Amino acid sequence: MTANKAILMIHCSDQQGLIAKITSFIFGFQGNITYLDQYVDPDEDRFFMRLEWELDSFNVTLQEFEAKFLTELATPLKMQYQLSYTGKSQRVAIFVTKESHCLFDILARVKAEEFNIEVPAIISNREDLRFVADLFGIPFYHFEITKENHKAQENAELELLQSLKIDLVVLARYMRIVTAVLVDPFENKIINIHHSMLPAFAGARPYHAAIERGVKVIGATSHYVTCDLDQGPIIEQETAHVKYNEKLPELLRKGKDLEKIVLSRAIALHLERRVMVYKNRTVIFKT
């Protein structure tokens with residue numbers, strides 16, 4: 001996305017003339033709309049919309065525009081909205097434990113300039129992946145977490161995230177439960193990845209259990225984190241078929257590949273402001 005565009009995402013009760021009202025309002029400030037996607041959920045009678053417009057000839061600041069939009073449209077029409085612009089790179093903290101495949105994939109995409117982000121911190125409950133942080137020149141923070149100190153350590157992590165002005169947290173195979181201490185201040189701003197076996201297999205060795213069961217499909221799911229474990233709004237999913245003669249190493253490799261691509265897609269959708277959450281579900285606006 002170019003650096004001189006604004007993005008507006010809206011949801012509200014469906015009503016006649018919404019598109020005309022919103023687009024006319026933006027055009028009134030000389031905003032040139034370059035993208036518009038909208039969807040109406042008939043079951044909820046809910047209107048969802050995402051717009052992008054160029055700021056080159058926009059004749060007010062975004063702060064002035066938001067104040068007028070809030071007063072003249074959002075409040076009277078009871079809209080929920082998010083307004084952002086593309087010029088600011090987001091600051092992302094990555095949480096890890098001991099598996100490195102997702103971490104390496106994210107950092108490689110940052111180096112390749114696929115993600116317009118800064119990574120000021122890699123945070124872990126173990127020391128295993130400090131070497132990755134050193135390779136990429138990123139500060140590594142170790143917070144050993146036990147049942148006794150979990151809350152205190154999460155408070156310390158929260159203080160660090162706030163001091164670093166973190167916009168997004170990515171759990172790149174972070175194998176600890178994240179509680180309300182972090183979830184509440186970062187609502188819909190913590191993305192997780194986990195295996196999604198068909199059928200599902202709980203526990204620490206899901207691929208081992210899957211191969212023993214003879215599954216035909218494996219998968220991965222990326223979602224926003226809520227206080228209900230693995231029940232947050234789903235952003236992205238992918239599956240892969242398993243051949244009858246595939247062995248555990250092949251399944252593990254295939255599973256890791258799925259986890260990397262699904263997590264990277266979810267991060268990209270979030271960074272591009274294409275995800276809107278409503279009632280623990282997501283509306284994903286097309287690219």
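Predicted model: local features only at pLDDT ≥ 70, side-chain atom pairs only at ≥ 80, totals over all residues.
Colleague: Hi! Let's start with α5. Which residues does the helix cover, and how many is that?
Modeller: Helix α5 runs over residues 150–163, so to speak 14 residues by count. From its first C-alpha to its last, α5 reaches 20 Å, close to the 20 Å expected at 1.5 Å a residue.

Colleague: And which residues of α5 are buried?
Modeller: His-150, Gln-153, Glu-154, Glu-157, Leu-158, Leu-160 and Leu-161. Viewed down the axis of α5, the buried residues fall within an arc of 160°, so they line one face of the helix.

Colleague: What do the buried residues of α5 pack against?
Modeller: Their partners are the strands β5 (90–96), β6 (117–124), β7 (140–142) and β8 (168–171), along with helix α6 (180–183).

Colleague: Which residues are exposed on the other side of α5?
Modeller: There you'll find Lys-151, Ala-152 and Glu-159.

Colleague: Changing topic: where does His-223 lie? And is His-223 buried or exposed?
Modeller: His-223 belongs to strand β10, residues 217–224. With a relative accessible area of 2%, His-223 counts as buried because the cut-off for that is under 20%.

Colleague: Which side chain makes a polar contact with the one of His-223?
Modeller: That of His-194, at 3.5 Å.

Colleague: Leaving aside neighbours within four places in sequence, what else is His-223 in contact with?
Modeller: Besides His-194, the list has Ile-190, Ile-191, Asn-192, Asp-230, Gly-232, Pro-233, Ile-234 and Ile-235.

Note on methods:
Residues numbered from 1 in each chain as written. Heavy atoms only, no water. Helix = DSSP H or I, 4+ residues; strand = E, 2+ residues; numbered from the N terminus. Buried < 20%, exposed > 50% of the residue type's maximum accessible area, 1.4 Å probe, protein only. Polar contact = N/O pair within 3.5 Å; in protein donor to acceptor, adjacent residues only side chain to side chain. Contact = heavy atoms within 4.5 Å. Expected span 1.5 Å × (residues − 1). Arc of directions from axis to C-beta.
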